[in-house]
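Subject: Structure handover

Dear colleague,

Here is the structure I said I would pass on. My notes follow it.

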Amino acid sequence: MKKKFMATAGVIVTVAGLATACGSSTGGSSNSQGQGGSGSATITVAAWNDAADALKAEIPGFEKKYPNIKVNVEYVDTGYTKIMPELASGSNVPDIVQTQNRDFPAFLKKFPGEFVDITDRVQGIKSDFVSSAWEPVTQDGKVYAMPWDIGPAAVYYRKDLYKQAGIDPNSIKTWDDFIQAGKKLKQKFPGVAMWGYGDDDFDPFEMLFNELGGNYVTSDGKIDLTSQQAQQALAMLKKMKDAGILMDFKDWNGEITALNNGKMAAVVYPVWYAGTLMNSVKNQSGKWGLIPLPAFSSNGNHEANLGGSVLAITKQSKNVDAAWKFLDYCLATDEGESVMLKYGLFPSYEPFYKTQQFKQNFPYFGMAIYPFFAEQAKDIPPMNHGPIMLDATKPLKDMEQAVLSGNSTPAQATKAAADAIAKSTGLQVK
């Protein structure tokens, strides 16, 4: 799943040929290192895949602005097998490290005091970011990392199949509407599913759980997986499965195969999946459209996030001010975000949404997809992942599969998952 978020995002630039936009910097702090100062500094940033490529592409513009600061990008793996031992030993620690946003609270617990408090530095720019992006980087009112990309979710649907089946996509306002449309689709195309799920992740559950305002952990640090929101999300997935509109595509490659074979008429995923479709399902250009997530009720929330990363300055850094300048340039300026978008990294920095680059049209979808997803990011409920996610992957996969297979009720499955996570983390279950 970690690989999926970052490995698929960057293909958007390959297909779309994005242009470069310009802008101005916001926030930051002054010191002797960088532009206008006599000091010099070299910083190292640890990241992976397309994220690391994007950071490397930022260097020429940054070093032109701050000629006395040199930046090195260190490529690491998505499982943190290099970063965590360095943080534990306190040796060879990079100045800046990337984590998935949902994993960062676990880093704060496993490595207390190892990340720089940047609360004062971000004070003037917090309102420029999607509000929910601050949740995973904030602990006890203090900010310890910068929000990077986010993954607002929506429904990608086959315009041609919906039309032939007599489905008006704009009439799908709730998940019950989605189910009814799926039944209509099956009547017209018996071998085509409305959506699908894999055995290798718990993405469908997390999106619905977030949409309902659920949290994995309470504010006082207890596992909150047996909540009404968690059970309701699983119950809705089971309702879709029982209605016959879902297919089990097994894994990532199985899903791509099903899409290429025309066996799924819709997928529910974040903005980064646009690149997957454009790169891996090229022959269906012009056939895909987008609608907001259905809600659980007619007046319910229809926004959710899946994926995204943060960048944190480590306490071991000898060049904290220089490291901050790099974060500020990359993540809180139009210049920096212009580069990020070329790698498919959807910004949590909202001023960039006004640029022409952000508003570009994508012929594959016949629309400007980024403004659409920006609308789906305005009111995403903040989700408290707590310090559990590095230990929660298998229990959460097992939980979703147990319900969809009919082997457990939502109440039984959420309790089993909560107990398994509690055993691994030592936290109490609410």
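Which residues line the second largest cavity? They are W195, G196, Y197, G198, D201, D203, P204, M207, F249, E255, V268 and Y269.

Before the rest, a word on the source. This is a predicted model, in which local features need pLDDT of at least 70 and side-chain atom pairs count only at pLDDT 80 or more, while totals for chains, interfaces and linings use all residues. Residues are numbered from 1 along each chain as its sequence is written, and side-chain values use heavy atoms, with hydrogens and water left out.

Cavities

A cavity is a set of points on a 1 Å grid over the protein atoms alone where a 1.4 Å probe fits but cannot get out, and lining residues have an atom within 4 Å of a point. Grid points are joined across faces, edges and corners, and a volume is the space filled by probe spheres set on the points. The count comes to three cavities of 30 Å³ or more.

The largest cavity holds about 210 Å³ of space. Of the 22 residues that line it, N101, S132, P136, N305 and H385 are the closest to its centre. Strand β6, helix α9 (203–211) and strand β11 (305–313) each give two or more residues to this lining (helices, H or I, of at least four residues and strands, E, of at least two are DSSP runs, numbered from the N terminus). The most come from β11, with five residues. By class, the lining of the largest cavity has 11 nonpolar, seven polar and four charged residues; Ala, Val, Leu, Ile, Met, Phe, Trp, Tyr, Cys and Pro count as nonpolar, Asp, Glu, Lys and Arg as charged, and the others, Gly among them, as polar.

The second largest cavity has a volume of about 50 Å³. Its lining takes at least two residues from each of β7 (195–198), α9 and β9 (266–270), and β7 gives the most, with four.

Strands β6 and β10

Strand β6 (residues 146–158) pairs with β10 in the antiparallel sense over four bridges (two strands pair if DSSP finds at least two bridges between them). V155 stands opposite I291 in β10. From β10 (residues 288–291), W288 and L290 point one way, G289 and I291 point the other way, and all are buried (buried means under 20% relative accessible area, exposed over 50%, partly exposed in between, with a 1.4 Å probe and protein chains only).

Positive phi

Most residues other than glycine have a negative phi. Y80, in the loop between β2 (69–75) and α4 (83–89), has a phi near 65° and is buried, with a relative accessible area of 1%. N92 has a positive phi of about 55°, lies in the loop between α4 and β3 (96–100) and counts as exposed at 67% relative accessibility.

Salt bridges

The structure holds 12 salt bridges (a side-chain nitrogen of Lys or Arg within 4 Å of a carboxyl oxygen of Asp or Glu). One joins R102 and E206, with the closest N and O atoms 3.4 Å apart. R102 lies in the loop between β3 and α5 (104–110) and E206 in α9, so the pair ties together parts that are 104 residues apart in sequence. Both R102 and E206 are buried.

K394 and D398 also meet in a salt bridge (2.7 Å, N to O). These two are four residues apart in helix α16 (residues 389–404), about one helical turn. K394 is exposed, at 57% relative accessible area, whereas D398 is partly exposed, at 39%.

Regards

Technical notes. 1 Å grid on protein atoms, 1.4 Å probe; cavity = no way out; pocket = protein on both sides within 12 Å on 5 of 7 lines; lining within 4 Å.
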